[in-house]
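Let's take a friendly walk through a protein model, one region at a time. Keep the 3D view open and turn it as you read.

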Amino acid sequence: MKALTTAVIESLDIGEGTAVSLSPTGKYTAILAKDKNRDIIDIYELQDSAFIFHSTFKIPVGYAIDEGMITWSPDENILAFSNEKAEEYVHDSSIFIYDISNRLLTNLTDPGEDFVQYMGDEGVYIIDSLPCFSEDSKSLYFSRRSVNGNWLCSIDINGDNITHLFEPANGRYIDYKIIQRGEKIYFSVAGHEKNDLWGLYVYEEGSGAQRLKFEYDDRYYNLALKDITADGQYLLYYL
């Protein structure tokens, strides 16, 4: 890792670790590392062009984090992640948040239900994923998928008031990424069989969710949301 100023470059030796995420202004860097065969995240803070160790936390057992899978709140006080390989590992997933100031890891979306550890067992599996902080850092949007359906949800950052905002029709599910720009929330909807319910959607309070229309829309349905400019004028996706 390197921090660039006007004339000085400082390096951070992360050994066999992997730099997985920068906070919005680059103040913090998250490093995926190992501690006695346990995955951990080390947080380094940039101070006067030098990286200073800040804190560390253990990733929950059964969870996997990869590059780009950590999401930071706009105020840089909290990072969030989910189990990237929940379906591959046939394992439940909640949204965890790590409070930088208090050095506290919390299961934010624990449903408090009698759900199971593995989807193959009897019971209800729940996969919470794709965390996206609101622009004021006070709430978080995410996808909740279970045997009971799939929803675009929101939750207060203190863990209260989970709200179901939108449910894709006919067994479709929210995938790839969730992004907020102003009053609008953008996301992709996919499924196991292609039809005109797939594609990119935008949700706005009071208006609900609407599917966006694109050139060649009748030919391509699996549109994966990647990014949106800060002003919401341009959107990047791939087929």
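## Cysteines

C132 is buried, with a relative accessible area of 8%. Buried here stands for a value under 20%, so C132 falls within that limit. C153 is buried too, and its relative accessible area is 0%. Please keep in mind that this is a predicted model.

How many disulfides does a search of the whole structure find? The search comes back with 0. As a reminder, a disulfide is a covalent bond between the sulfur atoms of two cysteines.

In soluble globular proteins, nonpolar side chains tend to be buried together. In this model, the largest nonpolar core has 17 residues, and the members that touch the most others are I41, I43, I70, W72, L79 and F81. Several strands contribute: β4 (28-35), β5 (38-47), β8 (78-81) and β9 (96-99) each supply at least two residues of this core. Which strand gives the most? That is β4, with 3 residues.

Leaving aside residues up to four places away in sequence, L79 touches I43, F57, I70, T71, W72, F96, I97, Y98, I100 and F133. There is also a second, separate core of 13 residues. Among its members are L130, C132, I174 and I185, and C132 is the buried cysteine from the opening section.

## Aromatic rings

Now look for the rings. The model has 8 aromatic pairs. One of them joins F81 and F96 in a stacked arrangement, with 5.8 Å from centre to centre and 10° between the planes. F81 sits in strand β8 and F96 in strand β9, so this pair ties together parts that are 15 residues apart in sequence.

Are F81 and F96 buried or exposed? Both are buried. These two rings also belong to one aromatic cluster, formed by F57, F81, F96 and Y98.

## An open sheet

Next, find the open sheet made of 4 strands, in the order β3-β4-β5-β6, with antiparallel pairing. In general, strands of a sheet pair through backbone hydrogen bonds, either parallel or antiparallel. Which strands lie at the edges? They are β3 (18-22) and β6 (50-58), and each pairs on one side only. From one strand to the next, the twist averages 30°.

Zoom in on the start of that order. β3 and β4 are joined by 4 bridges in the antiparallel sense. One place to look is S21, whose bridge partner in β4 is A30.

Finally, turn to strand β16, which covers residues 184-190. Of its 7 residues, 6 are buried, so the strand is largely enclosed by the rest of the structure.

On one pairing, strand β15 (residues 173-181) runs antiparallel to β16, and 7 bridges join them. I178 stands opposite F187 in β16. β15 and β16 form a hairpin with 2 residues between them, and G182 in the turn has a positive phi of about 65°.

β16 also pairs with strand β17 (residues 199-204), again in the antiparallel sense, over 6 bridges. Here I185 has Y203 in β17 as its bridge partner. I185 is also one of the residues in the second core.

Conventions. Residues numbered from 1 in each chain as written. Predicted model: local features only at pLDDT ≥ 70, side-chain atom pairs only at ≥ 80, totals over all residues. Heavy atoms only, no water. Core = buried A, V, L, I, M, F, W, Y, C linked by side-chain atoms within 4.5 Å. Buried < 20%, exposed > 50% of the residue type's maximum accessible area, 1.4 Å probe, protein only. Contact = heavy atoms within 4.5 Å. Pairing = 2+ DSSP bridges. Phe/Tyr/Trp six-rings, centres within 6.5 Å; stacked < 30°, edge-to-face > 60°. Axes fitted to C-alpha atoms, helices over the stretch in contact; angles between N-to-C directions. Disulfide = S-S within 2.5 Å.
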